[in-house]
Amino acid sequence: MEYTKDDLTEAKRQIDSTLHKLRETVKTLRGKERPERYKSQITLAERRIRAFELADFLIAREINGRSD
């Protein structure tokens, strides 16, 4: 599939926003009184963060490699 630079820029903006929210979620869950109760939610959020970081990197690389 082909995407315009605007498509990629908007996707990156949305991913950056989601990453921020996920990082705040992990911070909140770890700060709870008994964070071990939230282990699965923390693990899931951390895995999503890693996936979004990868997507963010690939989109940035695609945007920077374009000449249009």
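## Lysine 12 and its salt bridge

Lysine 12 counts as partly exposed because its relative accessibility is 21%. The model is a predicted one. The side chain of lysine 12 forms a salt bridge with the side chain of aspartate 16, with N and O 3.3 Å apart. Lysine 12 and aspartate 16 are 4 residues apart in helix α1, so about one helical turn separates them.

Aspartate 16 belongs to helix α1. Aspartate 16 has a relative accessibility of 33%, so this residue counts as partly exposed. Across space, its C-alpha is 10 Å from that of isoleucine 49. In sequence, aspartate 16 and isoleucine 49 are 33 residues apart.

## Aspartate 56 joins the network

Lys12, Asp16 and Asp56 are linked in a network of salt bridges. Aspartate 56 is located in helix α2, whereas lysine 12 and aspartate 16 are in helix α1.

Is aspartate 56 buried or exposed? Aspartate 56 counts as buried, because its relative accessibility is 13%. The cut-off for buried is under 20%. Its contacts beyond four places in sequence are Lys12, Ile15, Asp16 and Leu19.

## Other salt bridges

How many salt bridges does the structure hold? There are 8. One of them pairs glutamate 46 with arginine 30, and the closest N and O atoms are 2.0 Å apart. This pair links distant parts of the chain, with glutamate 46 in helix α2 and arginine 30 in helix α1. The two residues are 16 residues apart. Glutamate 46 has 30% relative accessibility and therefore counts as partly exposed. Arginine 30 also counts as partly exposed, because its value is 49%.

Glutamate 53 pairs with arginine 50, with the closest N and O atoms 3.7 Å apart. The two are 3 residues apart in helix α2, so about one helical turn separates them. Glutamate 53 is partly exposed, because its relative accessible area is 29%. Arginine 50 is exposed, because its relative accessible area is 60%.

Leucine 22 sits in helix α1, which covers residues 5-30. Its relative accessibility is 12%, so leucine 22 counts as buried. Which residues does leucine 22 touch, not counting residues up to four places away in sequence? The contacts are Ala45, Arg48, Ile49 and Phe52. Between leucine 22 and isoleucine 49, the C-alpha atoms are 6.6 Å apart. Along the chain, these two residues are 27 residues apart.

## Helix α2

With 26 residues, α2 reaches 37 Å from its first C-alpha to its last. That is close to the 38 Å expected at 1.5 Å a residue.

Which residues of α2 are buried? The buried set is Ile42, Ala45, Ile49, Asp56, Ile59, Ala60 and Ile63. Helix α1 is included in what covers these buried residues.

## The whole chain

The secondary structure consists of 2 helices and 0 strands. Along its principal axes, the C-alpha trace spans about 50 × 15 × 15 Å. The radius of gyration is 15 Å, but a compact globule of 68 residues would have one near 11 Å.

Buried residues account for 21% of the 68 residues. The accessible surface is about 5,500 Å², and 51% of that surface belongs to carbon and sulfur atoms. Among contacts with a separation of 6 or more, 70% come from residues 24 or more positions apart.

Technical notes
Residues numbered from 1 in each chain as written. Predicted model: local features only at pLDDT ≥ 70, side-chain atom pairs only at ≥ 80, totals over all residues. Heavy atoms only, no water. Buried < 20%, exposed > 50% of the residue type's maximum accessible area, 1.4 Å probe, protein only. Contact = heavy atoms within 4.5 Å. Expected span 1.5 Å × (residues − 1). Rg over C-alpha atoms; globule rule 2.2 N^0.38 Å. Areas by Shrake-Rupley, 256 points an atom, 1.4 Å probe, with all protein chains shown as cover. Salt bridge = Lys/Arg side-chain N within 4 Å of Asp/Glu carboxyl O.
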